[in-house]
Amino acid sequence: MFTSQTSMQTSSFQDSIDVEEKDTDYDNEEMGYNQKIQLNCYYTIYLYQGTRSEATAEGNVAWSQRRTDSTASTSQEDFSLTLVDSSLPVEAEPELRCYISRRLSKGALLGGMGNIAAVELSVPEAAVGCYCCLLEQERSPEQPDADGNGYVICLMGGSEKGLNLFRLELDKYVQGLQSSLQTPELVNLETEIRPYLSMWYEESVMHIHRVVQMVQGSISFLLHAALSHIHVEVTNADDRTKADVARFIKAAGLQGLVQEDTTTASLYKASEALTDLVIDCSTSPPTLSNTVSNRFCDDWIQAFLNAAERCNPFLLRQILENFKLKAIQDMNSLKRFIRQAESSHYALFRCCQFLQGCGNGDVLLQNAHAEHRGLPEACSIIRVLDEFLSEQQAQG
């Protein structure tokens, strides 16, 4: 369980939001951010074939010429890799293929599971983060025992550390390619597959940056909505903007981190009484209605704006993760104080001090109400804390 000491609350919070000053890894590894230059990113797709699986003669004819210099086989009984398409420089692609072959030989690439590592290639960055995933094709009823064929998708850019922050987004993006890879001989390569792969960085990494750039200092309202499970409605916007905001709210929220399903249900039930946050994109910048924030969320505004100004999506994601971590630490601290307050008046006093100092009391108490539902002693303490917080807010 994460814990935080009340006496160190201010310094630990400052450590959380100062990640951009302490961790220069993201600026050193992702070249060009301080100059607002787009990061170089690449993709490559290989056909993967187990050597025991049969391929029709007609299918091989179509790619026979292009495979002449682009097929690698580690052993006659193992597998082969055939280049389908790549945006890498010509001299870098064989280096990547050699790396992928080694990973496959060691069994390090499992079907449908992404793998991220740093790879040295003949590109300006020298070493880049590489996400690779083996998408296996379904075995036909005629060949149920044949070795699986499929495609190895490689997405390269930034650093290993940076790409790891977006692992879930990359997994989902690559899985979205599955249906397009069922076309015989990939006749849709130029119309579907290549454009899709070319957009991996914009679609899987840059969405947080686009949201911060769009709302600027109003980002605190989105952060508060995410923690409070408040629905966010986006109007007069294109589908991409709506999807960006939805993904930001999901990334900033604590869904999946609450231990019990009943707690999650209680949180959503409590949030139903709250008014939706509305983002109207008919104006520039957008107009936000029904806005609610608190001091905790407001304190993170500048960190997000600084990272967005430097056009650093990896740093933005790290700041977002630190924001969530700090919220979790405070939730666990409050839970500990509530347990202690059941038998100690001084601990109840510490609860009040903590809620007053953390700046996130409304969110913490909302979660405490849901988590301690059905525990009479804890609920009575939370009611006292609610009254205290209301009095403090009334006094300004």
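The model is predicted, so local features need pLDDT of at least 70 and side-chain atom pairs count only at pLDDT 80 or more, while totals for chains, interfaces and linings use all residues. Residues are numbered from 1 along each chain as its sequence is written, and side-chain values use heavy atoms, with hydrogens and water left out.

**Overall make-up**

- The protein has 19 helices and 9 strands; helices (H or I, at least four residues) and strands (E, at least two) are DSSP runs, numbered from the N terminus.
- Of the 396 residues in the protein, 50% are buried. Buried means under 20% relative accessible area, exposed means over 50%, and partly exposed lies in between, with a 1.4 Å probe and protein chains only.
- Among contacts with a separation of 6 or more, 72% are between residues 24 or more positions apart; a contact means heavy atoms within 4.5 Å.
- The accessible surface comes to about 19,100 Å², and carbon and sulfur atoms hold 50% of that surface. Such areas come from the Shrake-Rupley method with a 1.4 Å probe, and for residues only the protein chains shown count as cover.

**The sheet E7-E8-E9**

- Three strands form an open sheet in the order E7-E8-E9, with mixed pairing. The edge strands are E7 (232-235) and E9 (287-289), each of which pairs on one side only; two strands pair if DSSP finds at least two bridges between them.
- On average, neighbouring strands of this sheet are turned by 20° against each other, direction ignored. Axes are lines fitted to C-alpha atoms, for helices over the stretch in contact, and angles run from 0 to 180 degrees between N-to-C directions.
- Strand E8 (residues 277-280) runs antiparallel to E9 and is joined to E9 by 3 bridges. Val 278 has Ser 289 in E9 as its bridge partner.
- Helix H11 (residues 219-228) lies across E7, E8 and E9 and runs at about 145° to E8. Helix H12 (residues 239-252) also packs on the sheet, where H12 touches E7 and E8, and its direction makes about 165° with that of E7.

**Cysteines**

- How many disulfides does the structure hold? The number is 0, where a disulfide is counted as a pair of cysteine sulfur atoms within 2.5 Å.
- A disulfide is a covalent bond between the sulfur atoms of two cysteines.
- Cys 132 is buried, with a relative accessible area of 0%.
- For Cys 154, the closest cysteine sulfur is also in Cys 130, at 4.8 Å, which is too far for a bond. Cys 154 counts as buried at 0% relative accessibility.
- Cys 358 belongs to helix H17 (residues 345-358) and is buried at 8% relative accessible area. Cys 358 and Arg 295 lie 63 residues apart in sequence, and their C-alpha atoms are 8.1 Å apart in space.

**Two buried polar residues**

- Ser 101 sits in helix H5 (residues 93-105) and counts as buried because its relative accessible area is 7%. A polar atom of the Ser 101 side chain lies 2.9 Å from the backbone oxygen of Arg 97.
- His 207 is in helix H10 (residues 207-215) and is buried, with a relative accessible area of 0%.
- Leaving out residues up to four places away in sequence, His 207 touches Phe 166, Glu 169, Glu 202, Asp 244 and Arg 247.
- The side chains of His 207 and Arg 247 are joined by a polar contact of 3.4 Å. A polar contact is a pair of N or O atoms within 3.5 Å; within protein, one must be able to donate a hydrogen and the other to accept it, and residues adjacent in sequence count only if both atoms are side-chain atoms.
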